[in-house]
Amino acid sequence: MSAVKTLVTPLDWGLGHATRSVPLIEQELTMGHEVHLASNGRALAFLRQTFPDLPCHELPDYAVTYPKANLYWPMLRQMPKIFLAIMREYRVVQALHQEFHFDRVISDQRFGCYIPGVFNAFVSHQIHLPAKHWFGGRTVQSVNAFWIRTYFQESWIPDWETYPGLAGDLSHPPLRGVKTRYLGPLSRLHKMEAPIQYRVAFVLSGPEPQRSIWEAQIREQVRDFPDEHFFLLQGKPEVPFFQQQEGNLTVAPHLDTAGLSLLFAQAGLIVCRSGYSTLMDLAVTERPAWLVPTPGQPEQEYLARKLEVEGKFPWSKQEDFELGKCF
């Protein structure tokens, strides 16, 4: 009997969709399934590094531009471009299916990655939007729910089933009319114990240009603390690996799973985005953190506010971030 063939397709909006797919990919491999991976950009580069023996395929770029203000109105304006990208990735997936004959698809936030007649699961923690009271938020929410109900057999939510879980109102309650599985937080990291080597580890992620803007801000601020040691993880898996010392700042473009787990253990504090995949990493490793939401992403600000209210992590806006306040 031939092995089940699974296609896993994480979105390339930051690295989080790809990193949280790692446990799902490993589970598929443990079950003896033949796994193919498909994405683009940094997500595809990460998958190729993490699973060098698995076949990887390139999907079209959504080519979405990110605002400095609220995300949803710009998303509405770019809907025609997004729908075209969804149609393109759908055609690519059908062509791959004609060649490889997949039995199931696990799509992390890629709406065009499904195959009629086979099992399709849609992975997302954000089945509800934090700005549904806006016209734009309601419209995006309606499209999101319609697409999942129509083209996917199951909704897989990487959170605890009991409210509020980690994502709160974003992941609860499940969508009506959709078979739902709560998977619990998904992280590729492992909790470790190690001596503290860095006062702060900055773990950058998310889309450009905000990733680079924040990196420049961090580099400037660490100069004010020459007696402290810091680590800057740039979140750039497409760059060949290096690790270099720049004064009191150790810099690396990316780390593998073991290296990142160790970095979390060696840092007195993690300063990072409040992207959901990063929050799942913090939940698994149980490390202290300071959150800085990506500008223009209400979801990240909602999560930061929620976790501060729960007494878990402090946070600040990017433009207000001051390293000295973290000590």
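Reader: Let's start with E286: in which loop does E286 lie?

Author: E286 sits in the loop between α9 (276–285) and β13 (289–291). Those labels are DSSP runs numbered from the N terminus: helices are H or I with at least four residues, strands are E with at least two. Before we go on, this is a predicted model, where local features need pLDDT of at least 70 and side-chain atom pairs count only at pLDDT 80 or more, while totals for chains, interfaces and linings use all residues. Residues are numbered from 1 along each chain as its sequence is written, and side-chain values use heavy atoms, with hydrogens and water left out.

Reader: What is the phi of E286?

Author: First the general idea: most residues other than glycine have a negative phi, and most peptide bonds are trans. E286 is not a glycine, yet its phi is positive, about 60°. Q109 is another non-glycine with a positive phi, about 70°, and Q109 is found in the loop between β4 (104–108) and β5 (119–123).

Reader: Is Q109 buried or exposed?

Author: The scale is relative accessible area with a 1.4 Å probe, protein chains only: buried is under 20%, exposed is over 50%, and partly exposed is in between. Q109 has 13%, so Q109 is buried. E286, at 54%, counts as exposed.

Reader: And the peptide bonds: what is the bond from Y163 to P164?

Author: That one is cis, with omega near 10°. H172 and P173 are also joined by a cis peptide bond, with omega about -10°. P164 is in the loop between β6 (154–157) and β7 (179–182), and P173 lies in the loop between β6 and β7 too.

Reader: Now strands. Which residues lie on each side of β8?

Author: In a regular strand the side chains alternate between the two faces of the sheet. In β8 (residues 200–203), V200 and F202 are on one side, A201 and V203 on the other, and all are buried.

Reader: How many bridges join β8 to β9?

Author: Strands pair if DSSP finds at least two bridges between them. β8 and β9 (residues 230–233) run parallel and share four, with F230 as the partner of V200. The chain gets from β8 to β9 through α7 (residues 210–222) in a right-handed β-α-β crossover, meaning that with the strands pointing away from the viewer, the path from the first strand over the helix to the second runs clockwise. β8 also pairs in the parallel sense with β12 (residues 270–272) over three bridges, where V203 stands opposite C272.

Reader: How many salt bridges does the structure hold?

Author: A salt bridge puts a side-chain nitrogen of Lys or Arg within 4 Å of a carboxyl oxygen of Asp or Glu. The structure holds 16. In one of them, R199 meets E228 at 2.7 Å, N to O. R199 is in the loop between β7 and β8 and E228 in the loop between α7 and β9, so the pair ties together parts that are 29 residues apart in sequence.

Reader: What does N248 contact, leaving aside its neighbours within four places in sequence?

Author: Contact means heavy atoms within 4.5 Å. For N248, leaving aside those neighbours, the list is V222, F225, P226, E228, H229 and F230. The side chain of N248 reaches the backbone oxygen of V222 at 3.2 Å, and a polar atom of that side chain lies 2.7 Å from the backbone oxygen of F225. N248 is buried, at 11%.

Conventions. Polar contact = N/O pair within 3.5 Å; in protein donor to acceptor, adjacent residues only side chain to side chain.
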